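Subject: Model handover, with notes

Hello,

Here is the structure for you to look over. My notes come after it.

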Amino acid sequence: MKYLLRRLGFYALAAWASVTLAFAIPRLMPGDPAVAMFARFRGKLTPEAMEALRAAFGFNDAPTWSQYLGYLGHLARGDLGISISQFPAPVGSVIAGALVWTLFLTGLAVVISFTLGTLLGMVAAWRRGRWFDSALPPLLTFVGALPYFWLAMLALFVGGFTLGWFPTGHAYDDNVTPGFTGAFVGSVARHAVLPAATIVVATVGGWMLGMRNTMMRTLGEDYVLLARAKGLSPARIMVRYAARNAAVPNLTGFGMELGFVLSGSLLTEIVFSYPGQGYLLIRAVQSLDYPLLQGLFLTVTLAVLGANWLVDLVYVWLDPRMRRS
Amino acid sequence: MRLRGPVATSVLCALALGCASPRERPAPGVLTITEEQSATFIRNFNPLQYAGDVRWPARHAMYEPLIIYNPLAGTYVPWLAESYRFADGGRELRFTVRRGARWSDGRPFGPGDVVFTFKLLSRWKALDVHTLWKHLASIEADGQDVLIRLGRPHMPVLDAIAQQPIVPEHIWINVPDPSTFANEEPVATGPFTRVTSFRNQVYEVERNPLYWQAGLPKVKALRFRAYPANEQVMLALLGDELDWAGAFIPAVDRIFVRRNPAHHHRWFPLIDATVFLYANTRRKPLDDVRVRKALSMAIDRELIAKVALHGYTRPSDATGLSDAYARFRDPTAVARGDWVAFDLERAGRLLDEAGLPRGPGGVRQGADGKPLSFAVLTPAGYSDWVAAAQIIARGLRQVGVDAAVRASEYQAWFEQISNGDFGLAVGWSEAAATPYSLYRAMMSTGSVLPLGEPSGENWHRFGLPAADSLLAKLELATDPEEEKRLFSALQHLFVEHAPAIPLFPGPLWGEFNSSRFTGFPNAQDPYAPLSPHLEPQSLLVLTRVAPR
């Protein structure tokens, strides 16, 4: 309990730091939103029009500290400002529209990839030296090392275009209405297969290798030997004794990965025309859309913190030593 | 093995889901268009908000202008106005507004709406991005007419006034701030006004049953799908998902047209602005016309057109006029402009003459003994320009100029070119109804800003008093013959001084699929440009296209 409270204090501090960083990072980027706007209009703006636009967009020349205070004040009221690249939509609604899809697609893909990779790694370590262990890890590492863009394009072209098995883009069919209907859920699932599958294929090798290697070490431990000597069933030894302990390092990675889910998968979103945070982020960077960048950084950093907090909780369950300290 | 079960099941599920997937097919009579490249859409139909993220139909299908300029025919098509005329030596511009047109909510359209719209621009400077009120003195309704007084006569301003989208007074008078207004439920005069569905990746706009052109439009509704990049648009075109698009596709004939020659069509007329190589005339020795002409002769434009532009264009002539200005082109000026012909030997001789002899290593040296060295700037995202810049740099190196391509991110490129912080740079030029703004940007002294001050035009900082007086006469010219004579004189001036180096006239991308719809413009029936990028010219296409 004390451990969890201490962690909570740390998270509060980290949350303040991420709020501040979300404010600072866009302002440290090279370039100036006003220049970006001038460039967007190909320089065809009079000083008066430019001034009026600056006012409409909410740019101001106030000192940084007063901008920071204003930002904190707005944040406290849940107001993230107006997006410039998608003017005049509020940042909150722009992010909300993309967040759900990113959470669904990238989240699902990361969970599947982690679970599948860990299970495969476990089996590979358990049957070390057999064909399963010698063939699969190199194969998956090879596939994972292929440029993702190329892999995704190939999947889109073959699975979506040539064979026509899957849709070539978007999160769901044009002709279905969103809602909890079979048609909608089916359509969403169909549209998610190709993008999720490419992420899983590209990342599963890493999880598998990590799990396999830690598990190898665990299998040499005395308590595994003891379990064998006691005559426990091999499945129980594999899962409850060896895998449970071996999973801890992988889980740390999973926590990190889960947090970064919210930054989206830019390439997946572009190749499969999928709505999401990654595309918003690149667009915000290109047009120096400070309010949107702030909002995106904030959601990502808070998500990383939240995910780590969850992982902390799972540690306590996995590792009895944590409970005592 | 335990795992085999779930894995096999999920693979089967995935396959079942996939096999059950039908191709996306809209209802008959629904025209699918893509012009904006984006992964998602926000609902914004404010036609006045040029700075905002406004959806395509706002200025292409919903809100209409008084008159539409057709760059292919070189004619003005009466639209919400039946006619226009200048009076009082060009100080007065009078539009006669169409009778019988209605807003999509049933209220009548009239001169009051036109006056209101222009007054809105004067009150909200953020909306007046064409700076109309620099020229306008007053505007008022006079019966069925709209009477505009100009501060001083200025013919070229007609285009911007005539093509201003008009909004309804009875709605917009209640909008507190039109510069931040998203106009989610548009009321307009155009052929398509009813937004029947709007989702973040697809939306549909149905036709306006009260449209003033009886029996039009023939298309029932427009559908817009979000595609984040060119590759996705290409795939959608190949899969017959799209009816109309304006994407750059490399080797379009092989990839797209030949796949289904009966229905896959493309038309890339050379009516976009000419692409130029700008030479900063404030930097020695680029201030010397002989040097600029020599650099021009070292450029293999045939190769640029064939390789960098996939054969979609041709080398520019020395007047720099694209086909949008074909009716102004003066053959005698074109014939005089021999400095666009690829001739390395002549280029070398001219550079010798200009006092730039070859030094050690074959690189030419200026009077100060420094090697002649330039970076050729281009935005990195424009793959055709980058390829063109590489061909340019290779040609320059062959005549002893140390040139290298520097491709940078769009904003960085724009900052350098607009501040005059460059030696050589590839860039676009002005596109309008007449070459007035092109030549104004090329050589009027009034458009020259000091180095370091960001400028939207005349990046090469070149001014000629002789050009000023011709341009001033053009502002007053109402007689087409006189206008033509003045443009001829400007062309001769341009050919003589080579203020910038023309490369190729820009193609305007447009593709269509005729399996569901007919009536798109093409080379055989060039009634309007095909490209959906042109506003308000898309209205000409939307009122002609019909379902099969």
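Below are notes on the contact between the chains, then on aromatic pairs.

First, the ground rules. This is a predicted model, in which local features need pLDDT of at least 70 and side-chain atom pairs count only at pLDDT 80 or more, while totals for chains, interfaces and linings use all residues. Residues are numbered from 1 along each chain as its sequence is written, chains are lettered from A and ligands numbered from 1 in the order in which they are written, and side-chain values use heavy atoms, with hydrogens and water left out.

**The A/B contact**

Chain A gives 62 residues and chain B gives 60. Contact here means heavy atoms within 4.5 Å. The two chains bury about 4900 Å² between them, with 59% of it on carbon and sulfur atoms. Buried area is the accessible area (1.4 Å probe) that two parts lose on being put together, summed over both. In chain A, the most area is lost to chain B by Arg42(A), Phe161(A) and Asp174(A), together 14% of what that side buries.

Asp174(A) also forms a salt bridge with Arg225(B), at 2.7 Å from N to O. The chains share three salt bridges (a side-chain nitrogen of Lys or Arg within 4 Å of a carboxyl oxygen of Asp or Glu).

On the chain A side, helix 3 (47-57) is among the elements that give two or more residues. Helix 3 of chain A provides the largest share, six residues. Helices (H or I, at least four residues) and strands (E, at least two) are DSSP runs, numbered from the N terminus.

**Aromatic pairs**

Over all chains there are 52 aromatic pairs. Rings of Phe, Tyr and Trp (its six-membered ring) pair if their centres lie within 6.5 Å; planes under 30 degrees apart count as stacked, over 60 as edge-to-face and the rest as tilted.

Take Trp385(B) and Trp428(B). Their ring centres are 6.4 Å apart and their planes are at 50°, so the pair is tilted. Trp385(B) sits in helix 12 (residues 383-398) of chain B, and Trp428(B) in the loop between strand 16 (424-427) and helix 14 (436-443), 43 residues apart.

One aromatic cluster includes Trp385(B), Trp428(B) and Trp459(B), along with Tyr382(B) and Phe494(B) among others.

Best wishes
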